[in-house]
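Opening the notebook on this one.

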Amino acid sequence: MERRILVVVDEAVMAAWLPGHLEAAGWNVTHAGDEAAALACLDATTETPPDAAIVDAVLGEGDGFALIQDIRKQLPGILIVCASARAGNVARLKALAAGADAYIAKPFRLADLDDLINARCEAS
């Protein structure tokens, strides 16, 4: 079964390497650079929604935490990982309160992200 993931990041460097890494790991990746694009992607994939989403907490003028809430409302069973450069418990707790299943601080090791999403997706 094909695994689908939505990656919502606007940082150019991360947007350049993260989707390619996930595709190499066997994911069918949809990338969105902001809230509006992410919501449009979700609307376009209603028949085959993603299994997981990685959402940056800071999205230019957007709010990753609000997007997490929107994704959770639309897809209650999806795995949501919030990635953020904001270190510490405040951002982590805010992400979890918004509906994220997990929080990973940037910079992160790709192996740690892989372990996180694979373990969570296999458990569900």
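Ground rules. I am looking at a predicted model, where local features need pLDDT of at least 70 and side-chain atom pairs count only at pLDDT 80 or more, while totals for chains, interfaces and linings use all residues. Residues are numbered from 1 along each chain as its sequence is written, and side-chain values use heavy atoms, with hydrogens and water left out.

**Entry: the sheet**

I take helices (H or I, at least four residues) and strands (E, at least two) as DSSP runs, numbered from the N terminus. Two strands pair if DSSP finds at least two bridges between them.

What is the strand order in the open sheet? I read 2-1-3-6-7, five strands with parallel pairing. The edges are strand 2 (27-32) and strand 7 (102-105); each has a single partner strand, so one side of each is left without a neighbour in the sheet. From one strand to the next, the twist averages 20 degrees; the axes behind that are lines fitted to C-alpha atoms (for helices over the stretch in contact), and angles run from 0 to 180 degrees between N-to-C directions.

I then walked across the pairings. Strand 1 (residues 3-8) meets strand 3 (residues 52-56) over four parallel bridges, and there I found Val7 opposite Ile54 in strand 3. Strand 3 goes on to pair with strand 6 over five bridges, parallel again, with Asp56 opposite Ala83 in strand 6. Four bridges then join strand 6 to strand 7, also parallel. Ala83 turns up here too, with Ile104 as its bridge partner in strand 7.

**Entry: strand 6**

How many residues of strand 6 (residues 79-84) are buried? I get six of the six, so strand 6 is largely enclosed by the rest of the structure. Leu79, Val81 and Ala83 point one way, Ile80, Cys82 and Ser84 the other, and all are buried.

**Entry: start of strand 1**

Arg4 is in strand 1. Buried or exposed? Arg4 is buried, because its relative accessible area is 19%. A polar atom of its side chain lies 3.1 Å from the backbone oxygen of Glu2. I count a polar contact as a pair of N or O atoms within 3.5 Å; within protein, one must be able to donate a hydrogen and the other to accept it, and residues adjacent in sequence count only if both atoms are side-chain atoms.

I also checked Arg3: its charged end sits over the ring of Trp27, 4.0 Å from the ring centre. The test is NZ of Lys or CZ of Arg within 6 Å of the ring centre and within 35 degrees of the ring normal.

In helix 3 (residues 64-74), the buried residues are Gly64, Phe65, Leu67, Ile68, Ile71 and Arg72. They span an arc of only 155 degrees around the axis, which puts them on the same side of helix 3; the arc is taken from the directions from the helix axis to the C-beta atoms. At the N-terminal end I noted a cap from Asp63, with a side-chain oxygen 2.9 Å from the backbone nitrogen of Phe65.

In helix 4 (residues 89-98), I found Ala91, Ala95 and Ala98 buried. They fall within an arc of 65 degrees seen down the axis, so they line one face of helix 4. Asn89, Val90 and Ala97 are exposed on the face turned away from that buried side.

Thr46 and Arg120 are 74 residues apart in sequence and 22 Å apart in space, C-alpha to C-alpha.

Most peptide bonds are trans. The one from Lys106 to Pro107 is cis, with omega near -5 degrees. I located Pro107 in the loop between strand 7 and helix 5 (110-123). Arg109 lies in that loop too, and Arg109 is exposed at 53% relative accessible area.

Last one: Asn118 is in helix 5 and counts as partly exposed, at 23% relative accessibility.

Conventions: Buried means under 20% relative accessible area, exposed over 50%, partly exposed in between (1.4 Å probe, protein chains only).
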